[in-house]
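Let's take a walk through this one together. Keep the viewer open and follow along.

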Amino acid sequence: MKWVLIVLGGLVGLVALMALIGAFVPREHRATSTVQLRQPADSVWMVVRDLGGVTSWWSEIKESVRQPDRNGQEVWRQKMSGFDVPLIVIESAPPRRLVTQIDTSAGGSFGGTWTYELTPDSGGATKISVTEAGWIGNPIFRFLSRFVFGYYGSLDGYLKALGKRFGETVEPVHS
């Protein structure tokens with residue numbers, strides 16, 4: 001019984017330490033990952049813009065379902081890493097820029113935007129950058145995001161899966 005109490009006390013102490021450190025991690029963060037694809041911008045745009053088709057090539061998204069538009073904006077519900085993530089398309093400028101925002105109107109412990117920017121080059125390739133401008137309310141989640149998962153984890157996972165979708169192996173560059 002003594003060992004059980006020691007282990008439980010250690011776990012409680014670890015969670016408290018994570019919360020304390022997380023309280024000093026800034027609530028907001030910004031991260032950008034970029035890759036170069038040997039594909040024309042129009043082809044990349046068609047895949048990036050198809051929010052309903054993302055489940056066929058990015059295994060992190062388990063479900064992506066279109067919802068009724070709200071205030072003239074496209075709304076999606078995606079299931080990612082055990083979270084139900086409602087998205088609003090706040091800007092779509094083919095084939096150069098897409099901005100999605102997590103809909104936090106019903107609450108939520110995190111939120112922000114993903115901005116996708118496609119830049120074609122003269123050789124027919126496309127540079128794609130994805131910028132996450134986000135916030136995390138819970139200090140324990142802030143700790144985990146900053147020190148365990150990293151701010152670039154989802155961005156890099158997305159871009160690597162996008163590269164694989166086109167039969168390419170890519171290594172994201174951070175800025």
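The charged end of R165 sits over the ring of F166, 5.2 Å from the ring centre; that label needs NZ of Lys or CZ of Arg within 6 Å of the ring centre and within 35 degrees of the ring normal. Before going on, keep in mind that this is a predicted model, where local features need pLDDT of at least 70, side-chain atom pairs count only at pLDDT 80 or more, and totals for chains, interfaces and linings use all residues. Residues are numbered from 1 along each chain as its sequence is written, and side-chain values use heavy atoms, with hydrogens and water left out.

Now for rings meeting rings. The structure holds 8 aromatic pairs, counted when rings of Phe, Tyr and Trp (its six-membered ring) have centres within 6.5 Å; planes under 30 degrees apart are stacked, over 60 edge-to-face, and the rest tilted. Take W58 and Y158: their ring centres are 5.2 Å apart and the planes stand at 80°, so this pair is edge-to-face. It ties together distant parts of the chain, 100 residues apart, with W58 in the loop between helix 2 (41–49) and strand 2 (61–70) and Y158 in helix 4 (residues 153–165). Helices here are DSSP runs of H or I with at least four residues, strands are E runs of at least two, and both are numbered from the N terminus.

Are W58 and Y158 buried or exposed? Both are buried, where buried means under 20% relative accessible area, exposed over 50%, and partly exposed in between (1.4 Å probe, protein chains only). Ring pairs also link W57, W58, W114, Y116 and Y158 into a cluster.

F143 and F147 make another pair, with centres 5.2 Å apart and planes at 45°, so this one is tilted. Both sit in helix 3 (residues 139–149), 4 residues apart, or about one turn of the helix. F143 is buried, at 15% relative accessible area, while F147 is partly exposed at 45%.

Next, have a look at the backbone. P94 and P95 are joined by a cis peptide bond, with omega about -15°, and P95 falls in the loop between strand 4 (83–93) and strand 5 (97–102). Then there's N71, which has a positive phi of about 55° although it is not a glycine. N71 lies in the loop between strand 2 and strand 3 (73–80), and counts as exposed at 75% relative accessibility.

Last stop: L11, in helix 1 (residues 2–24). With a relative accessible area of 47%, L11 is partly exposed.
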